[in-house]
Amino acid sequence: MALSILNNIPSLAAQNQLAITSQGLQRTLFRLSSGSRINSGADDAAGLAIADGLRANVTALTQSARNANDGMGSLQVADGALAQVTNLLNRAVTLATEAATGSVSDDQRTALNAEFTAIKDEIDRIGTNTTFNGTSVFSASTTAIFLSDASSNSTIGVSVGVLSASGLSVSSDDLTDAAKATTALGDINAAIATVASDRGTIGATINRLQSAVNVMQNQVQNLSAAEDGIRSADIGQEVANLAKYNILNQTGIAALAQANAAQQSVLTLLR
């Protein structure tokens, strides 16, 4: 090879290789410190797009599961309130049955009717004042539970209905005489059946929302695993790379020093 002082080709080659090694070492350190294989779009542009899309799916599904859980919470509050209404109506059955018998005096029926009136008032109060997250639970409107996986949307309608003594057809009943008490007893039993039916509908909707939550949680698990497989660094491989690049960095510096020193041999010809 001809001697030249214009360009030190071995030194340029060593510098170039040392720069490549430094880039690899920096990339490995980034991956080890972040735990992520993809720290910029340059690392894996296609993989980054897929991983970000999967993360958006996971985020939407996680919030959708919260939405469904909130819907279940509202329905469970309604179910608990209706359970108390059933207890009140069962007490009303006792009062009406007692008022219907001929051995009860008018004064006693007045006292029984006063308690029955209080029961009807309490049913109205429960229907008006039972709330979840500041919103009335017993309403004629349907609440749409919004569910999404970032690519498609759906809703589950939740409707409880209005709760009142008049809605249960007992508001006009009284126990002031035996005949009225007998009529009231039939209305109260019908109201108990209505409340039981409403609780059954609520229970079915709770089960549906729970099933939706279970499906979404399973999707979150699988999508998170898929994202992790794309985004996460292989720590074992990166540790091996770190050792490799450290050695290459040291040998590259040594080679660069040798290449620069070799150029000095030209000076021997000038002595």
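The model is predicted. The protein chain holds five helices and four strands, and their order along the sequence is α-α-α-β-β-β-β-α-α.

**Overall form**
- The C-alpha trace of the protein chain spans about 140 × 30 × 25 Å along its principal axes.
- The radius of gyration of the protein chain is 39 Å, whereas a compact globule of 271 residues would have one near 18 Å.
- The accessible surface is about 15,100 Å², and carbon and sulfur atoms account for 54% of that surface.
- Of the 271 residues in the protein chain, 34% are buried.
- Taking contacts between residues at least 6 apart in sequence, 74% join residues at least 24 apart.

**The largest nonpolar core**
- This core has 47 residues, and those touching the most other members are Leu-89, Phe-138, Leu-168 and Leu-175.
- Two or more residues come from each of α2 (45-100), α3 (106-129), β3 (143-148), β4 (153-158) and α4.
- The most come from α2, which gives 16 residues.
- Leaving aside residues up to four places away in sequence, Leu-175 touches Leu-95, Ala-96, Ala-99, Arg-109, Leu-112, Asn-113, Phe-116, Ala-181 and Ala-184.

**Helix α4**
- Helix α4 covers residues 178-231, and its 54 residues should span 80 Å at 1.5 Å a residue.
- The N-terminal end of α4 is capped by Asp-177, with a side-chain oxygen 3.1 Å from the backbone nitrogen of Ala-179.

Terms used. Residues numbered from 1 in each chain as written. Predicted model: local features only at pLDDT ≥ 70, side-chain atom pairs only at ≥ 80, totals over all residues. Heavy atoms only, no water. Expected span 1.5 Å × (residues − 1). Polar contact = N/O pair within 3.5 Å; in protein donor to acceptor, adjacent residues only side chain to side chain. Rg over C-alpha atoms; globule rule 2.2 N^0.38 Å. Buried < 20%, exposed > 50% of the residue type's maximum accessible area, 1.4 Å probe, protein only. Contact = heavy atoms within 4.5 Å. Areas by Shrake-Rupley, 256 points an atom, 1.4 Å probe, with all protein chains shown as cover. Core = buried A, V, L, I, M, F, W, Y, C linked by side-chain atoms within 4.5 Å.
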